[in-house]
Amino acid sequence: MLMARALMGFGAGNVAVVRSYIAGATSLEERTGSMANTSTCQALGFILGPVFQTCFVLIGEKGVTWDTIKLQINMYTAPVLLGAFLGILNIILIITILREHRVNDSGQQCKNTNFEEASTDEPHILQRNIDQVAVVATNVLFFVVLFIFALFETILTPLTMDMYGWTQEQAVLYGGIILAALGVEAVVIFMGVKLLSKTIGERAALLGGLTVVLAGFLILLPWGSQLPKVQWEDLHNNSVPNTTFGETIIGLWKSASERQNEPPTGCPVEQAWCLYTPVIHLAQLLTSAGLLGIGYPACNVMSYTLYSKIIGPRPQGVYMGWLTASGSGARILGPVFISHVYTYLGPRWAFSLVCGIVVLTITLLGVVYKRLVAFSVRHGGIQG
């Protein structure tokens, strides 16, 4: 299992290769739409993957066995075999269909993939330096975008268990439904952002996406006077839990055996903030999730589209590798950050810090806004 996961980790670099290929095979005008289409396909994969896995449950644990090669196909092995089949199919498509195709930012065909021999008209432009400040800034922007969504995915289950007294099974089920809905919403946004960027430009779309994300986390901040249901199961003293009249009646109605079989629900009293932090209402959570489902896809596709244009009409594999590494680091650090801050300080501190991070990111975008332009536009090869 560890070896398989390690090999899959090497395969994660394919994302950088795909983006690099698209950047080299499209003109500036085509770039945003092509990147958005790629993100749409990726989002569909994230949606359909769990759907297929759920369908394979119908096969059952026993499944069927191919005695000739001692292969058992059941609900556990079928997803793996499907993944292997799709991998083989991709290899065949790459060998038979995919061809090296490179154009400059104007869309003119290049002779080969070596930008130094691409044309005789633009060598003075291609020899110009890439704006490294814009490159670093875009990496930071991309890091924050993935950091924010990764921490939202991580905190969704414990947040709903603490705020609404859901069991772990309920939190996983309803959280999965929410994330699936966000995936469908992301597909729509990915398609719509292509049209929007033609009207207002990629930089404005990125700024708008970050503003929507900020609004989403501002809405998620706790307010009011109602406190969450506190989990007193493990408290062995004479303290009286802060329960409502309805909860008290329900507790008396249930038999002792029912109460013993049920896992404790609510906000654990070990988390001191549960005793004074207001509850985050379900309407707040759903509204915030809807806004994140708008802002995240827009920021995602706009950030690496701008990045590819900043690098210009030269091989982008190394640069795209840096961007992918930035995103991978965000998906590692985001869950660690939110888990610790939420557990020890509560949602008010956690989401306030996230809002602060987004405000700093918007400020960074404002500082480098004029530098986030295409390589050819910056050096006068194409009119912006």
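Two residues are said to be in contact when heavy atoms of each lie within 4.5 Å. The structure described here is a predicted model, in which local features need pLDDT of at least 70 and side-chain atom pairs count only at pLDDT 80 or more, while totals for chains, interfaces and linings use all residues. Residues are numbered from 1 along each chain as its sequence is written, and side-chain values use heavy atoms, with hydrogens and water left out.

The chain holds 14 helices and 4 strands, these elements being DSSP runs numbered from the N terminus (helices of type H or I with at least four residues, strands of type E with at least two). Of its 384 residues, 40% are buried, a term that stands for under 20% relative accessible area, with exposed meaning over 50% and partly exposed lying in between (1.4 Å probe, protein chains only). Among the contacts with a separation of 6 or more, 79% are between residues 24 or more positions apart. The accessible surface of the chain amounts to about 21300 Å², and carbon and sulfur atoms contribute 66% of that surface.

Helix H6 (residues 132-164) and helix H12 (residues 317-345) have axes that come within 7 Å and cross at roughly 35°, where axes are lines fitted to C-alpha atoms over the stretch in contact and angles between N-to-C directions run from 0 to 180 degrees. The crossing of H6 with H12 is right-handed, and their contact comprises 20 nonpolar, 9 polar and 3 charged residues.

Asn139, which lies in H6, counts as buried because its relative accessibility is 13%. When neighbours within four places in sequence are set aside, Asn139 is in contact with Tyr307, Trp322, Leu323 and Ser326. Met163 is also placed in helix H6 and is buried, with a relative accessible area of 4%. Residues up to four places away in sequence not being counted, Met163 touches Pro228, Trp273, Pro278, Val279, Ile280, Tyr342 and Pro347. Met163 and Leu282 are separated by 119 residues in sequence, and their C-alpha atoms are 8.6 Å apart in space.

In helix H11 (residues 282-311) is found Lys309, which is buried, its relative accessible area being 8%. The side chain of Lys309 is joined to that of Glu202 by a polar contact of 2.6 Å, that is, a pair of N or O atoms within 3.5 Å, of which, within protein, one must be able to donate a hydrogen and the other to accept it, residues adjacent in sequence counting only if both atoms are side-chain atoms.

Note on methods:
Areas by Shrake-Rupley, 256 points an atom, 1.4 Å probe, with all protein chains shown as cover. Left-handed = near helix turned anticlockwise from the far one by under 90°. Nonpolar A, V, L, I, M, F, W, Y, C, P; charged D, E, K, R; others polar.
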